[in-house]
Every structure is written in structure tokens, then in C-alpha cells.
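Here is a friendly walk through some helix packing and aromatic contacts. Have the model open as you read.

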Amino acid sequence: MRYDAEVLSSGVARGPWTIVSPTMPESQESQSQDWRKAHALAIATLEKLIRTVSQANEKDIIEAQMLMLQDPTWWTRVEELTRTLDPKTAIRQSAEEFASSLDQIADPYLQQRAQDIRDVAALWIQTLTNHHTVRIEPETIVVTDKMSVRDIITWAQIPVLGIIVEEGSPLMHASLIAQNMGIPVLKLPSAVKILSHHSLPSQILLNAHEGYIELFDEASTGPLEEVNPNRPSPRYVGPLNIKGQSFEIMANISSVLEARQARDFGADGIGLVRTEFFFEAADHLLSLDEQVDLYRLVRKNSPGPVIFRTVDIGSDKPLAFLPVNTETNPALGRRGVRLYYQYPDLLKTQLQALLRAQDDSQPVSVMFPMISTLEEWQFCQHMAHEVINASNRPMSSLHLGIMLEVPSLLFLIPELATHHVQFASLGSNDLYQYMLAQDREQSSDHRSSGTFSFARALAFASEQAQAYHLPLSVCGQLAAEPQWALLFAGLHITRLSMASPQIPRIKAYLRDHIASPSALEAEVKEALSSLSSFTSWMTS
């Protein structure tokens, strides 16, 4: 029996499965009504959990959930509701009041905060009711209705092989952590109900590369590769060179620890350092010396070249200690480079730190986020030159580039190259969102004309970049999707950057599917000649 499903975190797993439903039936709840004690126990649970994680971004998420639990406004509201409602209902209703108000705002960050509130409320209720959790055996696949950050971290320590969940999106916090940890996750609506009806099959194949699950009985004991003999081995991690064409497959990271892990996954370097996560992990405005130490550690632990992105704050990535005025549509408001005009010292200090992190003869590569005009690029360039001059360093000390994630830049590549942009990286997540006016958490349909137009826009950008000798790479999520990676290679975009666990698979896929670079170029050109050709090629 086979079911199509949406990929939230890619990978492949096969093994026995266990149904775990965080929402247990009413009859399984105890009658404990001590909501105050439960509140303290819930906080203690998160405090214990945070000591078990190692990555900074995971700690940040747990700390944020602890702050939610400690919010006096929420406590007061629960206290008011318990005068007329039982504690469990009071907690759930108060959480829904706060979460629903955030759901109404068309902003991915605030909508994720709403989910965090619901997750924390579930933990509080679980502690209140002395909720019994199904024991999960190691090396199993979890089937559940919802998954939280706490679930992912806990299950990773068991460890589980993979997860099938009824709700979620690839960009929710739990999914992002699963991606970083290399845990495959598929979204299958009504998964618990569907799979609870299957008592005979003893194993599930979870294919979160191609997006399906398949059930097997005891007699189906063949090796995993036999299910899909054309799937490349995920163990290939060496440098990639095909008929004289080299390909750099690099890692996106958010912490020093991830820089170390990138080497283990065979990364050729680090194509995107999300420096804003260093600030968020520290929960304060990092000093010059603190930043220098962090950037040096990243360079020291990287398996190859490193590209730092200056802080990309705003929209779904605010910093509590750096106030930004509330906006109706933050995704189109003051974020990325636009925030530097309000906080120029933030950019200046970071550039100084990156310059000081240059402890060898190699320049430090720096790119600026959310550039949408030539003037914004010139502002950043001028700031960098000021910092270099003040430090009595040569201009070659910093290698300056841009994130190409706003559609207007597609038509400014000649001007940007003329004004000394040294490299560009396609941020496919935001570029797709802005081109199609579609929330980036929504899944793309390879058969849609919208996706086809986006692919043609990428081809145009590549042509322009080649014409003006501007090195172009990709660091968005599409780089980790095999057929898109193949399309990028056919467009002469030979540097791709992605979550570290995806690197072996993409290297193997490119190695096995590129007979020759020139043949692939002709194949991609034909695919982009019409919508039908594109649809056929992308789904082949």
C-alpha cells in the first residue's frame, strides 16, 4: 500500500512504526487540577530539555517557549478563566486566544509564534493531566498528528528513523530542526487514522526524497535500494568533478557547531552563514570582540571557503533586543538591508568584525541580504569601504556580494556588475515568494506555469550573470531538491548551498545524472522551451 505525502525534511528510512498521538482521549487524563504546580513542572521540563541540545538555534527556540510560559499576561488570563472553567480548558482557551490573534496576521514569523503558543499549552496540559506517553523504541518511525520542537529533540535522542505527521510545513521550527538533524519527515493528512487501520504491515518505507510512504508485511525483506534501484547512494561525499566541470556543494549554517558538522557531510565549504542566528542565540547585541571570535571559529572549522551573510533581521526573524516598528506587512517592510539605514552601527560593527576575522591572506566573503536597488548596494559597498580604509587594509580584504532574492535585481545585473558586485547568491525561498506573491511555506507545483516562469527567470539571471562575469550560486531550499539542483547545473550555476545532511544525496544525484555538462545544458534549454517540456522534465 502506497500513499503520496509532502516532504517536510528529506531523507529515506525504512523500519517498524509506532503511532504516537499527543492529543490523548479524555478517558486517559487524570483529574489533577493543580495548574500552578503543572506550570512550574512544564518550565522545569523545558529547562531539562535545553540542557540536552547542542545547537544554538534549537536552544533559542526552547528558550523562547520558556519565555512564553513565563509571560505574566498568560498566567493572569488562565487565572481568570479558572474561575469558571476547569484548568485544562482554561489553558487551552487562553492559548487559543493569543494564537488566533497572531494567525490573523499574514506574517510567517508571527504564525509560527502562534504554533509555539499551542505547543507550549499542550506541554502545560500534558503536565497538568499527568499525560501518559506511548513508549517509542529506538530505530522506529513515529506516526503522529502534530510535532513540536520538544518532540523532535526528544525523538532524535532515542533515536527514531523518521516521522510521519498530519500537520506542518517545511519552514516551521520543528521541520527546520529535523532537517538539521537529518531526520526525514513526511506530512500525510489523517496519517494516524489511515495507518491505525493497517494491522498487518510491520514496516514502513518513508521516502522523503520523492514524497511517499509504502507499507510492507513480514515477507517484504528486500534491501531498501531494491524499492527504488535508481536512487543514488547517499554515502557519496567526495569532491564532484564531471568531465572537467567542478561542482561546489556547500553547507548553510547557523552556528559554529554546524560548521564542524558540515565537514562530516562532505561539504566543500560554507555557502551561507546566517549570522543573525548568532545574535539570537546570544540574546544580546554581540560586541565587536564576540563577533570576531565567532567568525574566526567558523572559518577555522569550515571544510572550505566561507560566505558570511550580514544580519538579515526583520519579518520572520526579529531580534527582541533590537526594536523594529510594527508593520502591516513585515515581509515587504523594513528587513535585511533596509534595517541598516535605521541601525548603521549594526552593519559597521559587523563589517569590522568580519575584517578582523581575516587571519590569513584570503579575503573574507560577505554578502548583503534583501538588496532590491542599486542604491542599496552602493550604501553597503560604501560602508564596507569606509571600514576597510579605517583599518588600513587593502580593498581586497573583503570580497563583497549580494543575495539575489528580490525580482527587481534580475534586471539590474549589468549595473550591479559595473558597480563592482563581486558575486551573487540566489535566495530561492524569498525570490519565489516575491515573484509569485505566494507564501514561501506553500509547496510549489512543478506542473504550474508559475513555477515554470520562475525557472525561466532563473535562466535569465544566469545568462545575465555569465554575460557580465558575475559568479552566481544558489543557497535557498531548491538547491537541495535533486531535479532543481540538476536544472541549476544545466544553467551553469555550479555552486549550491544547502542543509548539511542533504549534501551527500545531492552530490550523488548530480554524479549519477550528468552524463556531460554540455548534454545537460542542451537538456535544460529544451526543458525551458515550453511549459509542457518543463513539466515533463521536472517530473521525470
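This is a predicted model: local features need pLDDT of at least 70, side-chain atom pairs count only at pLDDT 80 or more; totals for chains, interfaces and linings use all residues.

Q: Are helix α19 and helix α21 roughly parallel or roughly perpendicular to each other?
A: Helix α19 (residues 482–490) and helix α21 (residues 517–527) pack with their axes 8 Å apart, at an angle of about 110°. Angles of 65 to 115 degrees count as roughly perpendicular. The two helices α19 and α21 are therefore roughly perpendicular.

Q: Which residues of α21 make the contact with α19?
A: On the α19 side, the contact uses L486, L487, A489 and G490. By class, the contact has five nonpolar, one polar and one charged residues. The α21 side brings in L520, E521 and V524.

Q: Is the aromatic pair of W484 and F488 edge-to-face or tilted?
A: Both residues lie in helix α19, four residues apart, about one turn of the helix. W484 is buried at 1% relative accessible area, and F488 is buried at 1% as well. Their ring centres are 6.1 Å apart with the planes at 40°, so the pair is tilted.

Q: Which aromatic cluster do Y432 and F454 belong to?
A: Y432 in helix α17 and F454 in helix α18 are 22 residues apart. Their rings form an edge-to-face pair, 5.0 Å centre to centre with 75° between the planes. Y432 is buried at 8% and F454 at 0% relative accessibility. Their cluster consists of Y432, F452, F454, W484, F488 and F534.

Q: How far from the centre of the ring of Y212 is the charged end of R2?
A: Here a charge meets a ring: the charged end of R2 sits over the ring of Y212. Its distance from the ring centre is 3.5 Å.

How values were computed:
Residues are numbered from 1 along each chain as its sequence is written. Side-chain values use heavy atoms; hydrogens and water are left out. Axes are lines fitted to C-alpha atoms, for helices over the stretch in contact, and angles run from 0 to 180 degrees between N-to-C directions. Angles under 35 degrees count as roughly parallel, over 145 as roughly antiparallel, 65 to 115 as roughly perpendicular and the rest as oblique. Contact means heavy atoms within 4.5 Å. Ala, Val, Leu, Ile, Met, Phe, Trp, Tyr, Cys and Pro count as nonpolar, Asp, Glu, Lys and Arg as charged, and the others, Gly among them, as polar. Rings of Phe, Tyr and Trp (its six-membered ring) pair if their centres lie within 6.5 Å; planes under 30 degrees apart count as stacked, over 60 as edge-to-face and the rest as tilted. Buried means under 20% relative accessible area, exposed over 50%, partly exposed in between (1.4 Å probe, protein chains only). A charge sits over a ring if NZ of Lys or CZ of Arg is within 6 Å of the ring centre and within 35 degrees of the ring normal.
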